[in-house]
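Please look over the sequence and the structure, and then follow the headings below.

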Amino acid sequence: MVADNPSSLRLVGDADSSKRRQIIDGARKVFLDLGFDGASMGEIARAAGVSKGTLYVYFADKNRLFEAIVEEESLEQGKLAFNFDPERDVAAILMEFGQAYIQVLCRPGGGSAIRTVMAIAERMPEVGRRFYTNVVAVTVARLADYLKARAKLDNLAIDDFELASTQFTQMCQASLFMPFIFQVAPAPSPDRIEEVIASATQMFLAAYQRKG
């Protein structure tokens with residue numbers, strides 16, 4: 001039977017987690033191959049290796065299913081754990097943060113949710129807003145909080161911490177994210193990520209590190 005609240009993304013039961021995982025994996029492939037509009041619950045059921053009846057036990061429609069994929073992207077980025085101790089060297093923190101951030105953002109298979117959100121955000125703005133709020137804004141806010149704490153030690157001269165955080169994350173993406181998301185290039189290598197993040201860190205500190 002369908003869960004009482006079909007809009008909920010929770011598991012129907014803990015014992016069903018593997019089946020839910022199977023469905024989400026199948027759906028991700030269908031959304032990537034066919035796009036949101038081209039995907040149907042029948043196609044998703046076939047790709048997941050389940051019946052349509054089983055599919056509807058877990059998800060009321062493809063909107064709810066795609067929301068679950070968006071939520072997973074949020075959880076993946078939420079797993080990023082950093083030692084944001086303001087006493088630590090700011091360059092080391094930025095290097096660690098930037099490398100981990102890009103490794104998650106450009107991980108193999110990780111771009112499908114982003115591509116699909118970009119494709120449907122105009123028609124389904126609530127999905128775009130949810131993705132931005134739960135994924136993009138959360139990452140920016142975490143870095144901004146660190147920068148604010150660091151600035152109190154007189155190491156950084158920043159007036160707008162959210163802007164500075166956004167600038168750093170955008171510099172980290174330079175030459176890496178756009179080619180990856182548009183499938184021009186594969187996921188970048190660790191060496192290339194380190195090279196780009198080192199440049200981003202150098203530029204960021206040149207702009208914001210207190211002189212003298």
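## Overall make-up

In what order do the elements of the protein chain run from the N terminus on? They run α-α-α-α-α-α-α-α-α-α, and the count for the protein chain is 10 helices and zero strands, where helices (H or I, at least four residues) and strands (E, at least two) are DSSP runs numbered from the N terminus. Of the 212 residues of the protein chain, 42% count as buried; here buried stands for under 20% relative accessible area, exposed for over 50%, and partly exposed for values in between, with a 1.4 Å probe and protein chains only.

The model is predicted, so that local features need pLDDT of at least 70 and side-chain atom pairs count only at pLDDT 80 or more, while totals for chains, interfaces and linings use all residues. Residues are numbered from 1 along each chain as its sequence is written, and side-chain values use heavy atoms, with hydrogens and water left out.

## The largest pocket

Rolling a probe the size of a water molecule over the atoms shows where empty space is left. The largest pocket has a volume of about 410 Å³, and of the 21 residues that line this pocket, the closest to its centre are Phe131, Tyr132, Val136, Gln173 and Phe177. On a 1 Å grid over the protein atoms alone, a pocket is an open set of points where a 1.4 Å probe fits, with protein on both sides within 12 Å along at least five of seven lines, whereas in a cavity the probe cannot get out; lining residues have an atom within 4 Å of a point. Grid points are joined across faces, edges and corners, and the volume is the space filled by probe spheres set on the points.

Which helices each supply at least two residues of the lining of the largest pocket? They are helix H5 (90-105), helix H6 (111-120), helix H7 (125-151), helix H8 (161-173) and helix H9 (177-181), and the largest share, seven residues, comes from H7. By class, the lining has 14 nonpolar, seven polar and no charged residues, with Ala, Val, Leu, Ile, Met, Phe, Trp, Tyr, Cys and Pro counted as nonpolar, Asp, Glu, Lys and Arg as charged, and the others, Gly among them, as polar.

## Helices H7 and H8

H7 and H8 pack at an angle of about 120 degrees, with their axes 8 Å apart; axes are lines fitted to C-alpha atoms, for helices over the stretch in contact, and angles run from 0 to 180 degrees between N-to-C directions. The two helices H7 and H8 are therefore oblique to each other, since angles under 35 degrees count as roughly parallel, over 145 as roughly antiparallel, 65 to 115 as roughly perpendicular and the rest as oblique. H7 passes H8 in a right-handed crossing, a term used if the near helix is turned clockwise from the far one by less than a right angle, with left-handed used if the turn is anticlockwise.

Glu162 lies in helix H8 and is exposed, with a relative accessible area of 54%. Glu162 and Ala141 are 21 residues apart in sequence and 6.7 Å apart in space, C-alpha to C-alpha.

## Two loop residues with positive phi

Most residues other than glycine have a negative phi. Asp154, in the loop between H7 and H8, has a positive phi of about 70 degrees although it is not a glycine, and at 51% relative accessibility Asp154 counts as exposed. Gln183, in the loop between H9 and helix H10 (190-208), has a positive phi near 60 degrees and is likewise exposed, with a relative accessible area of 57%.

## Pairs separated in sequence

Thr133, in helix H7, is partly exposed at 46% relative accessible area; Thr133 and Ser74 are 59 residues apart in sequence and 9.3 Å apart in space, C-alpha to C-alpha. Pro179, in helix H9, is partly exposed at 24% relative accessibility, and it is 73 residues from Cys106 in sequence and 9.9 Å from Cys106 in space, C-alpha to C-alpha.
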